[in-house]
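This briefing sets out computed features of one protein model, grouped by topic for quick reference. Please read it alongside the sequence and the coordinates.

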Amino acid sequence: MSSESLNAELSKKTSFLGLKLWVLIGVSVGAFIILILCILSAWIMFRRRTRRSIDNFSLSQIPNVSKDIRIDRVGAQSVNDHPESLCLTVPDNSTNNNSEQTPVHLGISKLSDPDNISQSSSIYHHERGCSSHSGEEGSSGTVRKQSSLSCAGLVTASPLVGLPEISHLGWGHWFTLRDLEFATNRFAAENVIGEGGYGIVYRGRLVNGTEVAVKKLLNNLGQAEKEFRVEVEAIGHVRHKNLVRLLGYCIEGVHRMLVYEYVNNGNLEQWLHGGMCHHGTLTWEARMKVLLGTAKALAYLHEAIEPKVVHRDIKSSNILIDDEFNAKVSDFGLAKLLDSGESHITTRVMGTFGYVAPEYANTGLLNEKSDIYSFGVLLLEAVTGRDPVDYGRPANEVNLVEWLKMMVGSRRVEEVVDPNLEVKPTTRALKHALLVALRCVDPDAEKRPKMSQVVRILEGDEHPFREDRRNRKSRSISIEIESMKESMDMENKVGDSESKFSETNH
């Protein structure tokens, strides 16, 4: 009787379109199943679209890496003589209908040294037939020459081997937030190694064991977002042994992070002003090695690539030092790109007080001469061990550049050397360094030497400004030239003090 009553109940017609109860129940169950399937389908499609949108990120969201950065031809030399820098041409996939080849710079210090290779190469591409160019960083730029290169060899030498998700920009690695959280132990406070105006730098270790420095921007708005774009655009492609290497980046939600090679021996500021005092005092030779490496990096940025890169924030804390006391120029957040047809650009004055060139501070006109002035201040800082501006000193010693001019003018050159140096430099070496520094901080930007010339002088391949001295003797006297002769007068005074010093010893 119960089954018959159940059948009778299910067979009753309902008020909904006169359908029987069992038919209505079946339709409802079917509609519910279809609804669940639709929700699942919509979720899957959304995931696919999200992943596709990440792979084809719009140019307005990802920094558009300049395709104009390429090594200038300044000569022809063999690849065997100069294996330090390579320019690899790979297809650019950032546009849908454009098969244009994008030149990508690689730096390979020594092909026979896997450690150097792993610190310099970072481009991966799965195509076999790769055309390449070889070049060498140097005092006058780089050379470019055709050579053959095995793509497989580059992959095995890279510190990014074993990591997925190669960036479609043609260089480096696209890290996920999860990758970097794992590398830094969820951005633990004990892994903080530095803080800047727009972010925090963490030490991390990737899944393949490579140590990295992760710069996490505090937000993705305003100057922080601009700094992210500039750093990727300025040094994403370039490779040089004296430039800190950008391995990749992370763009996920509001997160913006840059991943660099980890340089584990502090920076020049720490070595000069006490942060690394427990490791001893930086010797004169080590200081000059760091300054020479910095000069080579700036010569490369200014003269060997197009568009040229003006760093705009050269200072001792941005010169990292590796275990062999090689300089690594870092922090390109304020960098500007300057096309070959531009003598300067007008921009808001940025930089660090004491290092900023006077013409840039007064007019906002920026070019590579501003970096050269900053390098001169950096060289004086390394020679004297003093901060560029130190309000704890007497009034006439607050500004490093002005104080040093006063000391040279009063023939007290030997007194400017850092008192912490255990072994003082020779008078000739001191004179050599001061001449370079004084010319770099020349108040007339046009009279400052090129960084390639500075490199040759620091290496001892060229007499410091001998040609300039002959030219100055032939010029007529004027107010402007008289002001520029100040640095040359200092050179003569340095020479006089040297002769007097030798006479007193005899």
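Asp-313 is buried, with a relative accessible area of 8%; buried stands for under 20% relative accessible area, exposed for over 50%, and partly exposed for values in between (1.4 Å probe, protein chains only). The model is predicted: local features need pLDDT of at least 70, side-chain atom pairs count only at pLDDT 80 or more, and totals for chains, interfaces and linings use all residues. Residues are numbered from 1 along each chain as its sequence is written, and side-chain values use heavy atoms, with hydrogens and water left out.

**Salt bridges**

- The structure holds 15 salt bridges, a salt bridge being a side-chain nitrogen of Lys or Arg within 4 Å of a carboxyl oxygen of Asp or Glu.
- Side chains of opposite charge can pair when their charged atoms come close.
- Asp-313 forms one of these bridges with Lys-315, at 3.9 Å from N to O; Lys-315 is likewise buried, with a relative accessible area of 18%.
- Glu-211 is partly exposed at 25% relative accessibility, and Arg-205 is partly exposed at 45%.
- Lys-328 and Glu-261 meet through their side chains in a salt bridge of 3.6 Å, N to O.
- Because Lys-328 lies in strand E15 and Glu-261 in strand E11 (residues 255-261), this pair ties together parts that are 67 residues apart in sequence.
- Both partners count as buried: Lys-328 has 7% relative accessibility and Glu-261 has 10%.

**Overall composition**

- The protein has 15 helices and 18 strands; helices (H or I, at least four residues) and strands (E, at least two) are DSSP runs, numbered from the N terminus.
- Of its 506 residues, 46% count as buried.
- The accessible surface comes to about 25,300 Å², and 52% of it belongs to carbon and sulfur atoms; accessible areas come from the Shrake-Rupley method with a 1.4 Å probe, and for residues only the protein chains shown count as cover.
- Among contacts with a separation of 6 or more, 63% are between residues 24 or more positions apart, where contact means heavy atoms within 4.5 Å.

**Sheet**

- An open sheet is formed by 6 strands in the order E6-E10-E11-E9-E8-E7, with mixed pairing; two strands pair if DSSP finds at least two bridges between them.
- Its edge strands are E6 (173-174) and E7 (192-195), each of which pairs on one side only.
- Strand E8 (residues 199-205) pairs with strand E9 (residues 211-217) in the antiparallel sense, over 7 bridges.
- In this pairing, Ile-200 stands opposite Lys-216 in E9.

**Backbone geometry**

- Most residues other than glycine have a negative phi, and most peptide bonds are trans.
- Glu-306 and Pro-307 are joined by a cis peptide bond with omega of about 0°; Pro-307 is placed in the loop between strand E12 (305-306) and strand E13 (308-310).
- Arg-312, which is not a glycine, has a positive phi near 75°. This residue is in the loop between E13 and strand E14 (319-321) and is buried, with a relative accessible area of 10%.
- Asp-331 also is not a glycine, and its phi is positive at about 60°. The residue lies in the loop between strand E15 (327-329) and strand E16 (336-338) and is partly exposed, with a relative accessible area of 27%.

**Surface patch**

- Ile-25, Val-29, Phe-32, Ile-33, Leu-35, Ile-36, Leu-37, Ile-39 and Leu-40 form a nonpolar surface patch with about 860 Å² of accessible area together.
- Patches are made of residues with over 30% relative accessible area and no salt bridge; like charges are joined within 9 Å, and nonpolar side chains (Val, Leu, Ile, Met, Phe, Trp, Tyr) within 5 Å.
- Phe-32, one of the patch residues, lies in helix H2 (residues 21-55) and is exposed, with a relative accessible area of 54%.

**Cysteines**

- The count of disulfides is 0, a disulfide being a pair of cysteine sulfur atoms within 2.5 Å.
- Cys-38 is partly exposed at 46% relative accessibility, whereas Cys-440 is buried at 0%.
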